[in-house]
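Subject: Structure handover

Hi,

Here is the structure for you to look over. My notes follow below it.

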Amino acid sequence: MKRIFATLYACVAVALAAVAQPRFTSNTEMHSLGQIEWKHPASVQYIITNTGDQPLVLTDVEPDCACTVAQWTQNPIAPGDKGMVNVTFDAEALGHFQKSVAIYTNAEPHLVYLKFGGEVVSEIKDFTKTHPYLIGQIRIDRNALEFPDVHLGEHPVLHVGVVNLSDRPYEPVLMHLPSYIDMEVKPNVLQQGEKGIITLTLNPEKLTDLGLIQASVYLSRFAGDKIGDENELPVSAVLLPDFSGLSDAERQQAAHIQLSATDIDLTQVLAKKSKARQDITVTNTGKSPLQISKLQVFHPAVGVSLKKVVLQPGESTRLRVTVDKKNIDKKRRHLRLLMITNDPLQPKVEINIKAK
C-alpha cells in the first residue's frame, strides 16, 4: 500500500511540474509598418505577456538579417507581467519587405517567430498608417508615452514619430515635460510634409518613489499653443527595484510572494449590494523577509487594507479589497491594484478587479 501511495505521489508531482511552466504570449505575431521612408530606421515593439505560472525568460532574440537591431526585456517576467521586444529596421533597400525575429525562451516551445513587414519608399505621401494619431495638423505614431517595468539604474528610451501636415514650419515641443524625462528632437524644425523624431529618455534617479508614476504632456501644434484635452498625451512609468547585482545564490535565498488570487470578480455581489469585499492571502514562500514597499490604488471606488508589510519566511497576511459601487466610473471600469515587493522574480504584482 505504501508503494502505491508513493507511486501516486510521484505521478502527481510530475503532473504538477508539467503544468507549472512559463508561457509566451505576444500582442501580435505580425506588425505592418506600412510605408517607411528610405534610410530612415523604423521600430516595432512586441508586448510579451507571461500567461503561465512560472517566470518567463527571454534568453535571446535574433532578427533574420543584419539590417535589424533588437532589444528585449532581460529580467525574468513574472506570471501575469509583461515584457517587450523592440526591433529597429534600417530601411536601406527600396521595395516591399517581410522580416522575422526568432525569440528564444524558457517556455514551450523554446523558439517563437514574430514577423514585421512593409514597404520602403523614397517619399511617403500617406501617413495615416505610419502616424495614425492626428492632433491639429500634426500626426504622431503613438498616443501614450509608456515606460513599463523600469528597474533602478536603467535609462529606457522612447521614440515618437512626428509629421507636419500644416503649411508652415513646425517645431515639435512637448509642453509640461516632467523633470525626469529628457527630450531631443531631430530635426528641430519640420517643413510641410516632413517628419521627425522626438526621443525621450527616462531618468529613474530623478523619481522619488517606486511603483506607477503618471503625468501628462501636451504636444504643441503651433508656436504659442496652449494645453488642453485635445493635445494631451498621458505619460506613465513603473519603477521597480534593481536586482541586477544579485548572484544566483542570493536569488535562491530571496523572498518570494504568493497570492491566493490576482483576479477578483465582484460583479454578482455588486448587483445586489452597494459594496463588496474580498480577502486575498499574501504569503512569503521564500527564504528571506518579504517587504511590500508599495501598494497603489488607481480608482476612488477601490479601498484596501493590508495587515502587515513585512512577512517572515512562511508567514502570511490578509489583504482586504473593498469596492464601493456608487464610485465606479462607467467609462473606466478597469479596476486594479499594484504592489511593489523585494521579490526579484515578482517585484511587481497586479491585482485586477472585475466589477461590472
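Strand S4 (residues 58–63) runs antiparallel to strand S7 (residues 95–105), and 5 bridges join them. Strands here are DSSP runs of E, at least two residues long, and helices are runs of H or I, at least four, both numbered from the N terminus. Two strands pair if DSSP finds at least two bridges between them. Phe97 has Gly118 in S8 as its bridge partner. Between S7 and S8 lie 5 residues, and the two strands form a hairpin.

Now the provenance. This is a predicted model: local features need pLDDT of at least 70, side-chain atom pairs count only at pLDDT 80 or more, and totals for chains, interfaces and linings use all residues. Residues are numbered from 1 along each chain as its sequence is written, and side-chain values use heavy atoms, with hydrogens and water left out.

Confidence next. pLDDT is the predictor's confidence in each residue, from 0 to 100. The protein chain averages 89, and 94% of the residues score at least 70. Residues 1–17 have a pLDDT below 50, and beyond near neighbours in sequence this stretch has 0 contacts (heavy atoms within 4.5 Å) in the model. Where pLDDT is low, the predicted coordinates should not be read in detail.

Overall figures:

- The protein chain has 3 helices and 26 strands.
- Its C-alpha atoms fill a box of roughly 80 × 50 × 40 Å, taken along the principal axes.
- Of the 356 residues in the protein chain, 42% are buried. Buried means under 20% relative accessible area, exposed over 50%, and partly exposed in between (1.4 Å probe, protein chains only).
- Among contacts between residues at least 6 apart in sequence, 65% join residues at least 24 apart.

Then the charges. A salt bridge is a side-chain nitrogen of Lys or Arg within 4 Å of a carboxyl oxygen of Asp or Glu. The count comes to 9 salt bridges. Asp149 and Lys348 form one of them, at 2.8 Å, N to O. Asp149 lies in strand S11 (residues 145–151) and Lys348 in strand S26 (residues 348–354), so the pair ties together parts that are 199 residues apart in sequence. Both ends are buried: Asp149 has a relative accessible area of 17%, and Lys348 one of 7%. Asp149, Lys348, Arg336 and Glu350 are linked in a network of salt bridges.

Arg320 and Asp279 also meet in a salt bridge (2.8 Å, N to O). This pair links strand S24 (residues 316–324) with strand S20 (residues 275–284), the two residues being 41 apart. Arg320 counts as buried at 19%, whereas Asp279 is partly exposed at 35%. In the salt bridge of Lys308 with Glu315, the closest N and O atoms are 2.3 Å apart. Lys308 is partly exposed at 35%, and so is Glu315 at 22%.

Which buried residue has no salt bridge? Asp81 is buried without one, and the nearest side chain of opposite charge, Lys348, is 4.4 Å away. Asp81 lies in the loop between strand S5 (68–72) and strand S6 (82–89). Leaving aside neighbours within four places in sequence, Asp81 is in contact with Ile48, Thr49, Asn50 and Lys348.

Best wishes

How values were computed. Lys, Arg positive; Asp, Glu negative; His and termini not counted.
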